[in-house]
Amino acid sequence: GTMDPEAFARLEVYFIAFAVAALLLAFVILPLLVSALTPFGYRTVVGLCHEALITAFVASSAFIVLPMLVERIKALLAAQGMDGDDARSSVDVVVPIAFVVPNAGKLLTLLFVPFAAWLSGDALGVGSYATLFGAGIPTYFAKAQVALPFLMDLLGVHHDLFQLYIPSSIVTGKFDSMVTVMSLLALTLLTAAAVSGRLQLVARR
């Protein structure tokens, strides 16, 4: 079907919501989670991967920074005296696995479904969000281009609106790549701390 040109203009709402969610995940929620559960402070976590975050954002790809991320994580573990065989092995295993499974960066694109529903004038109800995330996580083992049309059909969102997703991903892809890097870092540091017996709850963090 044809698409009202105003729909493209209203993408600004989606971009703002996506950017805010991405920045909160990458610079607040995920690094604070790591700092609260491991010996690594907030500044250490963010400082460890700031170059990788910038590179992933500019290139719209988290894949190209994986070697850099692995190297930085291993160096941090060594500095903390946590570079035992189990911890080092966990880095080599967790980073590639976490990249291909549904991580926080990939799942951010689920925001397109409630945006499309709002755009069509039929916003999702509270119960629909449980369905969205419950079905969204397993379907995101496939690409978003496959998962999103399925989820839109599942929730009764007008399928024609999917044509907005591809052009919008030129912008949002930068943010979800950045969040993917931080989610990979967070999961890997948590795993390394767990196998090293260094998981701890630091409430003040």
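Predicted model: local features only at pLDDT ≥ 70, side-chain atom pairs only at ≥ 80, totals over all residues.
Colleague: Nice. What does the secondary structure come to?

Modeller: The protein has 10 helices and 0 strands. Its radius of gyration is 19 Å, close to the 17 Å that the globule rule gives for 205 residues, so the protein is as compact as a globular protein of that length.

Colleague: And what box do the C-alpha atoms fill?

Modeller: Roughly 60 × 35 × 30 Å, taken along the principal axes.

Colleague: How much of the protein is buried?

Modeller: Buried residues make up 46% of the 205 residues.

Colleague: Switching to charges, how many positive and negative side chains are there?

Modeller: There are 11 positive and 13 negative ones, and the centres of the two sets lie 12 Å apart.

Colleague: Now threonine 188. Where is it found?

Modeller: Threonine 188 sits in helix 10, which covers residues 165-195.

Colleague: Is threonine 188 buried or exposed?

Modeller: Buried: its relative accessible area is 0%, and under 20% counts as buried.

Colleague: Which backbone oxygen does its side chain reach?

Modeller: That of leucine 184, at 2.6 Å.

Colleague: Leaving aside neighbours within four places in sequence, what is threonine 188 in contact with?

Modeller: With Ile73, Val91, Val94 and Val95.

Colleague: Back to the whole protein: what share of the contacts with a separation of 6 or more comes from residues 24 or more positions apart?

Modeller: Those residues account for 75% of such contacts.

Technical notes
Residues numbered from 1 in each chain as written. Heavy atoms only, no water. Helix = DSSP H or I, 4+ residues; strand = E, 2+ residues; numbered from the N terminus. Rg over C-alpha atoms; globule rule 2.2 N^0.38 Å. Buried < 20%, exposed > 50% of the residue type's maximum accessible area, 1.4 Å probe, protein only. Contact = heavy atoms within 4.5 Å. Lys, Arg positive; Asp, Glu negative; His and termini not counted. Charge placed at Lys NZ, Arg CZ, Asp CG, Glu CD. Polar contact = N/O pair within 3.5 Å; in protein donor to acceptor, adjacent residues only side chain to side chain.
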